[in-house]
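Me: I have a structure here that I would like to go through with you. Could we start with its contacts and then turn to the helices?
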Amino acid sequence: MGRRRRWVGGAGDLGVDITARDDEDRLLIVQCKQYQSPVGSGHVQKFNGTARPHHGADLPIMIALNGFTQPAISFAQHHQLILMGRPEC
């Protein structure tokens, strides 16, 4: 099965910019942030509240070009969210 993806982002996207399925048919839900500062815990908590419960993500991924605060990283680790900053992109 080939990969499938859909660009979603915009107002009312409920925390989703991209949806995709990988080769194992797992649903990837991706939220992208381009802020001047690292993304804080509140944004990661909000993403956690929609990625799996609302969208059914198998792999919830948040990308932030300027990274994440330590509280955001700790929260994501506890809730098994994937965070990617500029070094990982």
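Reply: A contact here means heavy atoms within 4.5 Å. Please note that this is a predicted model. Among contacts in the protein between residues at least 6 apart in sequence, 46% join residues at least 24 apart.

Me: In what order do the elements run from the N terminus on?
Reply: The order is β-β-β-α-β-α-β, which comprises two helices and five strands.

Me: What share of the residues is buried?
Reply: Of the 89 residues in the protein, 38% are buried. The accessible surface comes to about 5600 Å², and carbon and sulfur atoms account for 51% of that surface.

Me: Now the helices. At what angle do the axes of α1 and α2 cross?
Reply: They cross at roughly 25° and come within 8 Å. Angles under 35 degrees count as roughly parallel, so α1 is roughly parallel to α2.

Me: Which residues make that contact?
Reply: On α1 they are S41, V44, Q45 and N48, and on α2 they are P71, A72, F75 and A76. By class, the contact of α1 with α2 has five nonpolar, three polar and no charged residues.

Me: Back to N48. Is N48 buried or exposed?
Reply: N48, which lies in helix α1 (residues 41-51), has a relative accessible area of 17%. Buried means under 20%, so N48 is buried.

Me: And which residues does N48 touch, not counting those up to four places away in sequence?
Reply: With those neighbours left out, N48 touches P53, F75, H79 and L81. F75 is also one of the α2 residues in the contact with α1.

Methods: Residues numbered from 1 in each chain as written. Predicted model: local features only at pLDDT ≥ 70, side-chain atom pairs only at ≥ 80, totals over all residues. Heavy atoms only, no water. Helix = DSSP H or I, 4+ residues; strand = E, 2+ residues; numbered from the N terminus. Buried < 20%, exposed > 50% of the residue type's maximum accessible area, 1.4 Å probe, protein only. Areas by Shrake-Rupley, 256 points an atom, 1.4 Å probe, with all protein chains shown as cover. Axes fitted to C-alpha atoms, helices over the stretch in contact; angles between N-to-C directions. Parallel < 35°, antiparallel > 145°, perpendicular 65-115°, else oblique. Nonpolar A, V, L, I, M, F, W, Y, C, P; charged D, E, K, R; others polar.
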